[in-house]
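Here are my notes on the two-chain model you sent over. Have it open while you read, and take the points in order.

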Amino acid sequence: MNSFAPTLQPMRASHTSLIFRSLRLITTLICLLVSPAFGSGSEASGEDKFNPDIILHHVIDDHVWHFTDGMVLPLPVIVHSASRGLEVFSSGNFFDEHHQSKAYNGYVLEHGHIRFENSEEHILDLSVTKNVAMLFLNVLLIVGVLLAVANGYRKNVGKAPSGIQSFIEPIILFVRDEVVKPNIGPRYEKYLPYLLTLFFFILFGNLLGLLPGAANLTGNIAVTATLAFFTFLITNFSGNKSYWAHILWTPGIPLPLRAIILPVEIIGIFTKPFSLMIRLFAAITAGHIVLLSLLCLTFIFKSWGVGFGTSVFVIFINLIELLVAGIQAYVFTLFTSLYIGMAVEEHDHH
Amino acid sequence: MELLTPGTGLLFWQAVVFIALFLFLAKFAWKPILSSLKEREESIQQALASAEKAKNEMARLQSDNEKLLREAREERDRIIREARDASNKLIDQAQSEAKKSADRMLEDAKAVIQTEKQAALRDVKAQVAMFSIEIAEKLIRKNLSSDKAQKDLVEEFIKETKLN
């Protein structure tokens, strides 16, 4: 990420604005059909070779927020090291006026990692990266929407919901009645606030990630890992006696088989949240990669026809991604409820 | 591979921000939202239950009404029947009594007539005897000279004594 080769710079920029560009492409294509004389002036003209690396650059984290050419938002860098202590500065300091990376105050930004220019000392990087900024936006949006909803309940006591309240309420009821209640059982109310928070965080994150120029927050493995880790903690801390008995001394298993079952059950404690982490990360990141790959085809082939074809296709994939955004939020919440339900379930049939 | 290696900064921020978000929402969003939803559901449940109760109450009142009406009707029928029976009995009684007294009066009348008749007959017998004695006395008195005269005399007396 640090090497902004001048020739690649316009190309790198194109990835975030690809959707806008493809829209422009469609309109230009219509012009082209009307007047055949309209030349071959393509968006990517002037480039010899298109570098699809931009796709990966989009889906991973970054210390700057690159919306489009000339619209690069430098973000705060927060680093801590034993020798220098805590330091906060703008990531814009790592680039000169020609977008070339440069060292700043002894730090260099290399492949998205900050290290010392002259030493191997470990640096704790707590920078507000693109995804952290996205995280803040996501949280602000969720808080804004849900406070408005909560306010609606205060205003319309004993009345039918109105406005945004009537839009969000079915989602809350869906999570409560279709996801949490049937999977956790009678003690569901204790876990409901967490699971609702989880659902809305993933849903809003997924949907925001589909916006042009947005960061791939819920498709980042750090985010999904944290969420899965919370599921792991909640599941195992709410585990009752029969849950642990099932894992450590699975009922109805002959003694020799226990040598196999016990490790399997113990590994199972970790594979459950691990699968949650991978599923959300893979589903969202894959969606972004598919969308960007399709859009990049236009610039690889430098063809109007491909541009038109992929643009149409991208619209459909985008609709599917909207669906996936909901499904993944649902699935993550569903499996978390299921695991909690398994941990708190009373086994009285043995 | 950077795709698969979680960044420490993002891990930290995600954990901190997500916990903060959870605590904030739990207090300021989920608590009021979930409790109002529950309240609303309970009030709907209550309204439905009370509607059901009112319906049952109505049905009960209606059946009570019908029962009362049926009882009243039966009571009325019974009273009418009893009255009719009583009146019939009275009429019968009156009739039989009237008949009895009429019979008795008839008997009395007959008895009176009988005695009157006897008395009359006795009277007539006495009269006849008296007339016979008078006729015999007159015959004897007149010293009957001739047969003709006797016969005329007898006839005359017979004419005189027109027995009816």
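1. A word on terms before the tally: helices here are DSSP runs of H or I with at least four residues, strands are runs of E with at least two, and both are numbered from the N terminus. On that basis chain A has 10 helices and seven strands. Do keep in mind that this is a predicted model.

2. How is chain A put together overall? Of its 350 residues, 34% are buried. Among the contacts in chain A with a separation of 6 or more, 70% are between residues 24 or more positions apart.

3. Chain B is another story. It has two helices and zero strands. Its radius of gyration is 64 Å, well over the 15 Å that the globule rule gives for 164 residues, so chain B is more spread out than a compact globule. Along the principal axes, its C-alpha atoms fill a box of roughly 200 × 25 × 20 Å. Buried residues come to 7% of the 164 in chain B.

4. Now the place where the chains meet. Here 37 residues of chain A are in contact with 28 residues of chain B. On the chain A side, at least two residues each come from α3 (53-59), β7 (124-125), α4 (130-155), α6 (192-209) and α7 (221-238). Which of these gives the most? That is α4(A), with 12 residues. By type, the chain A side splits into 25 nonpolar, nine polar and three charged residues.

5. Next, the inside. In soluble globular proteins, nonpolar side chains tend to be buried together. In this model the largest nonpolar core has 66 residues, and A:Leu195 and A:Phe199 are those with the most contacts inside it. Helix α6(A) supplies the largest share of this core, 11 residues. Why does the core lie between the two domains? Both domain 1 (9-125) and domain 2 (130-344) of chain A give residues to it, so that is where it sits.

6. On to the strands. Chain A has an open sheet of three strands in the order β4-β3-β7, with antiparallel pairing. At the edges are β4 (85-90) and β7 of chain A, each with a single partner strand, so one side of each is left without a neighbour in the sheet. Strand β3 (residues 76-81) of chain A pairs with β7(A) over two bridges, and A:His80 stands opposite A:Leu124 in β7(A).

7. Then there are the hairpins. In one, strand β1 (residues 64-68) and strand β2 (residues 71-74) of chain A run antiparallel and are joined by four bridges. A:Thr68 stands opposite A:Met71 in β2(A). Two residues lie between these strands, and A:Gly70 in this hairpin takes a positive phi near 75°.

8. Another hairpin is formed by β5(A) and β6(A), with two residues between them. Four antiparallel bridges join β5(A) to strand β6 (residues 113-116) of chain A, and A:Glu110 has A:His113 as its bridge partner in β6(A).

9. Last, some backbone angles to look over. Most residues other than glycine have a negative phi. In the turn between β5(A) and β6(A), however, A:His111 has a positive phi of about 50°. A:Asn105 also has a positive phi, near 55°, and lies in the loop between β4 and β5 (107-110) of chain A. With 11 C-beta neighbours inside 10 Å, A:Asn105 counts as exposed, because the cut-off for that is 12 or fewer. A:Lys302 has a positive phi of about 50°, in the loop between α9 (255-301) and α10 (304-344) of chain A. Is A:Lys302 buried or partly exposed? With 15 other C-beta atoms within 10 Å, A:Lys302 is partly exposed.

Conventions
Residues are numbered from 1 along each chain as its sequence is written. Chains are lettered from A and ligands numbered from 1 in the order in which they are written. This is a predicted model: local features need pLDDT of at least 70, side-chain atom pairs count only at pLDDT 80 or more; totals for chains, interfaces and linings use all residues. Two residues are in contact if their C-beta atoms, placed from the backbone, lie within 7 Å. Ala, Val, Leu, Ile, Met, Phe, Trp, Tyr, Cys and Pro count as nonpolar, Asp, Glu, Lys and Arg as charged, and the others, Gly among them, as polar. A nonpolar core is a set of buried Ala, Val, Leu, Ile, Met, Phe, Trp, Tyr and Cys residues joined through C-beta atoms within 7 Å. A residue is buried if 20 or more other C-beta atoms lie within 10 Å of its own, exposed if 12 or fewer, and partly exposed in between; C-beta atoms are placed from the backbone. Domain bounds come from an automatic or database domain assignment. Two strands pair if DSSP finds at least two bridges between them. The radius of gyration is taken over C-alpha atoms; the globule rule is 2.2 Å times the number of residues to the power 0.38.
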